[in-house]
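Hi,

Here is the structure I said I'd pass on. Have a look at it first, and my notes follow below.

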Amino acid sequence: TKWVYSFGGAANEGGAGMRDLLGGKGANLAEMAAIGLPVPPGFTITTEVCTRFYENGRAYPEDLRAQVEAALAGVEAALGLRFGDPAAPLLVSVRSGARVSMPGMMDTVLNLGLNDETVAGLAAASGDARFAWDSYRRFIQMYGSVVLGVSHHRFEDLIEETKRATGVQDDTKLTDQDWQEVVTGYKEIVLRETGAPFPTDPHAQLWGAIGAVFGSWMNPRAHTYRRLHDIPADWGTAVNVQAMVFGNMGADCATGVCFTRDPSTGENVFYGEYLINAQGEDVVAGIRTPQPMSQARAHDGELSMERALPEAYRELLAVRDILERHYRDMQDIEFTVQNNRLYMLQTRTGKRTAAAALRIAIAMAEEGLITHEEAIRRVPPSSLDQLLHPTLDPDAPRTMLSRGLPASPGAAAGAIVFSAEDVEIRAARGEDVILVRIETSPEDVHGMHAARGVLTTRGGMTSHAAVVARGMGRVCVAGAGGIHVDYRARTLSVGATVLHEGDWITLDGATGEVFAGRVATIEPTLSGDFSTLMGWADSVRRMKVRANAETPDDARTARHFGAEGIGLCRTEHMFFAPDRIGFMRQMIMAGDAAARIRAIDALLPFQREDFKALFRIMAGLPVTIRLLDPPLHEFLPHGEAELAELAAALGESPEAVAARRAALSEANPMLGHRGCRLGLTYPELYAMQARAIIEAAIAVSAESGQPVVPEIMIPLVGMDSELRRTRATVEQAAAEALEAAGVSLDFSIGTMIELPRAALTADRIAQDADFFSFGTNDLTQTTFGLSRDDSGTFMPFYLEHDLIPRDPFISIDQEGVGQLVAMGAERGRRTRPGLKLGVCGEHGGDPASIGFFESVGLDYVSCSPFRVPIARLAAAQAAL
Ligand code: ADP
Ligand code: MG
Ligand code: MG
């Protein structure tokens with residue numbers, strides 16, 4: 001088997017299409033070399049080796065060593081240098097690279113191949129001893145921390161000490177002598193911390209680093225990240241070994257990170273940061289302040305790359321165009337300039353905010369780079385959430401504390417918390433918190449996830465905090481250098497203002513501003529790019545999108561977001577209002593039929609008005625109304641006072657009412673006296689609701705001149721006999737209402753499919769149903785035998801131990817519950833071709849589930865109003 005693929009030299013064996021095998025980084029390095037961009041030569045050890053490594057008890061395939069040696073010889077030949085040559089050594093970087101970029105994987109090791117002999121050779125060959133020793137100490141530091149596991153603080157402390165002793169402020173001012181002493185000190189640290197001397201043999205160094213990359217695939221950080229992002233463990237990572245180029249060789253050298261367009265706004269401008277005389281992650285590490293790429297973006301006191309290194313900058317601009325045209329998407333690129341020559345070290349599809357994703361997709365479609373369909377596919381539906389979320393109210397009073405970089409947009413307010421662990425604890429209690437760090441690292445990712453927003457005092461737009469926050473849609477202000485964070489005292493201060501842990505701050509991720517306290521926010525507007533993309537999506541999708549809504553407010557929001565009807569109006573929510581709950585209780589607790597009918601008659605006008613309001617807002621769009629579903633005890637009086645009040649209203653003794661309340665309590669209410677079982681035992685109730693619906697429809701049809709077509713839905717049907725009998729009750733009430741009004745009106749009667757038995761017997765149930773709506777929340781609950789309200793105690797364990805890939809209440813379990821949906825659809829349509837099919841569980845707003853519903857051929861999905869745009873886009877993607 002071929003385990004190793006060369007790139008950039010005489011042989012270029014990979015390409016962008018080989019990402020599964022070579023990882024993203026390796027595949028794109030080969031691709032860039034193939035299209036003629038300057039890529040230092042190297043080779044990629046495939047992801048298959050990683051998989052084998054773990055299958056075989058952490059052992060490499062036998063012939064791997066020989067293939068690595070051959071590839072290394074190829075790099076040596078391409079450059080005329082030799083690995084380990086004391087006169088002029090080849091140095092390499094060792095870099096991890098999975099299919100998708102993955103924080104948590106091993107950090108890159110640079111300058112590998114240095115030891116006491118080769119460092120002299122590097123000094124001689126470059127004529128720059130300071131550079132050689134600086135590279136050497138960087139190597140020991142990186143290798144020591146990422147491969148040997150020595151805490152990087154040990155090394156950093158020594159540099160700080162050296163700077164103090166020599167009286168210099170900046171690393172770049174340290175001399176070759178200083179660095180030599182640092183190297184000696186570093187080796188002592190390694191010996192002391194690991195019990196073994198720092199490895200001097202370059203080949204041993206190389207295999208040590210390769211082993212560390214593969215080892216990092218199974219470390220806890222990588223594991224957590226994979227779980228959060230649904231990345232299978234058997235994908236494996238590749239290892240890239242690449243000849244070094246040096247950005248730290250003097251003033252005509254630099255290193256940088258940039259985006260072909262602005263990753264925050266999507267604007268078509270070249271965007272990025274670089275540092276002169278620097279190496280590797282210096283730009284993102286925040287040790288020195290990175291400088292802007294273009295002169296147009298440079299402020300006073302900043303030195304743009306356009307000015308400092310004009311030739312390399314021009315070349316980079318050309319590369320930017322080539323890459324965008326080649327990949328037809330915004331790229332995130334890493335480069336190094338060595339003696340005015342540009343080298344490309346990485347390109348990948350750039351992470352972006354939701355607003356930027358939209359802007360770029362639309363701009364690229366308009367530029368003719370991609371089709372409308374590609375543009376639709378380019379925007380992750382769930383990212384729209386970010387655009388639907390609030391921004392700061394421009395008129396709200398505020399006290400500005402400081403300003404950092406607008407790293408990830410949106411507004412967030414919360415209590416200050418200084419560690420990821422504390423964020424998780426407080427967030428689990430339901431508190432809104434802001435994670436405040438000097439800078440973040442992959443260990444903080446779980447805390448960033450749980451926080452409302454992230455504030456750092458160091459680092460640029462491409463810092464860890466910024467990139468990760470943008471990726472997960474968290475608000476982020478990065479590099480707010482005016483803020484001083486003291487972890488020990490747990491304070492954040494700006495000049496004389498001191499805030500403590502737990503105090504509130506507000507972040508505006510769109511401007512980079514940080515405010516004391518809580519600033520009011522406003523709802524987003526949905527114009528421009530948003531409506532353009534939604535228009536494109538609507539023109540290709542097949543499934544309709546409705547909303548689950550019962551209040552006029554929700555119904556208006558739903559329409560505002562483009563809902564094409566209401567898929568689920570839960571009437572029980574209408575009975576909790578203070579002016580109705582009393583009648584509701586009287587109805588439930590009535591001692592005789594007459595008292596019950598009195599209470600029901602009192603409820604009728606309320607219900608009618610509720611439905612009229614909904615029909616008016618929905619203006620002729622379909623509205624599915626579910627008759628009362630939950631167990632009655634949910635409505636019962638709680639305390640003594642409520643009980644006494646009810647007894648008085650009914651003219652009975654509190655004891656009698658208390659006894660009836662006790663009789664209504666159930667051991668397992670979710671499987672108890674609820675749904676159509678209520679409608680069967682209390683037919684007056686469903687009759688009243690049906691009458692209210694029909695009367696409201698008659699009234700609104702008349703006043704608007706636009707026919708209202710209500711859809712009446714019977715819940716929790718498991719047998720066709722249940723539906724037949726409830727249907728008769730509803731039909732009779734409807735007929736009476738129509739006769740009394742002397743008009744005719746179209747309406748339909750259907751049922752929820754939310755019990756396994758209903759799905760299994762859907763062909764029989766369809767005889768009496770004009771439509772089905774899959775209630776996937778209850779269907780998941782009853783298929784798994786898993787209580788939705790109680791799964792929180794063990795579901796996290798299931799997820800963590802890969803017992804289940806995703807929470808089945810969030811994303812539909814296609815394998816199990818999905819089969820029942822497919823079966824219900826198929827059997828229902830066997831009886832009644834053209835039977836209208838929809839879904840109204842939480843899953844109706846989940847993009848992965850929507851893809852599944854498209855494949856089953858449902859007619860519509862219904863979800864909460866805020867998820868309507870997400871569902872519209874997901875349905876479009878599913879249809880493509
Ligand atoms: P990450 O996946 O964290 O971005 P990389 O493997 O891209 O890590 O390495 C980080 C940085 O290290 C690169 O951006 C680049 O600046 C530097 N680097 C990696 N390989 C080389 C090399 N062969 N020569 C010079 N610098 C390198
Ligand atoms: Mg890294
Ligand atoms: Mg990189």
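Let's start with one residue: glutamine 767 counts as exposed because it has 12 C-beta neighbours inside 10 Å. For that label, C-beta atoms are placed from the backbone, and a residue is buried if 20 or more other C-beta atoms lie within 10 Å of its own, exposed if 12 or fewer, and partly exposed in between.

Before going on, a word on the source: this is a predicted model, where local features need pLDDT of at least 70 and side-chain atom pairs count only at pLDDT 80 or more, while totals for chains, interfaces and linings use all residues. Residues are numbered from 1 along each chain as its sequence is written, and chains are lettered from A and ligands numbered from 1 in the order in which they are written.

Back to glutamine 767, which sits in the loop between helix H29 (762-765) and S31. (Helices, H or I with at least four residues, and strands, E with at least two, are DSSP runs numbered from the N terminus.) Leaving aside neighbours within four places in sequence, glutamine 767 is in contact with Asp720 and Thr831; contact means C-beta atoms, placed from the backbone, within 7 Å.

S31 is also part of a barrel: eight strands close up in the order S26-S27-S28-S29-S30-S31-S32-S33, with parallel pairing. Two strands pair if DSSP finds at least two bridges between them.

On to the domains. An automatic or database domain assignment sets the bounds, giving domain 1 (51-243), domain 2 (254-352), domain 3 (389-522) and domain 4 (541-631 + 666-879). The C-alpha centres of domain 1 and domain 2 are 24 Å apart. Between them, six residues of domain 1 are in contact with five residues of domain 2.

Finally, ligand 1. Its shell draws at least three residues from each of domain 1 (51-243) and domain 2 (254-352). Of the 16 residues around ligand 1, Ser93, Arg95, Thr108, Gly280 and Glu334 come nearest; to be near, a residue needs its C-beta atom, placed from the backbone, within 6 Å. Strands S5 (92-98), S7 (237-243), S11 (331-338) and S12 (341-349) are the elements that give two or more residues to this shell.

Cheers

Notes. Contact = placed C-beta atoms within 7 Å.
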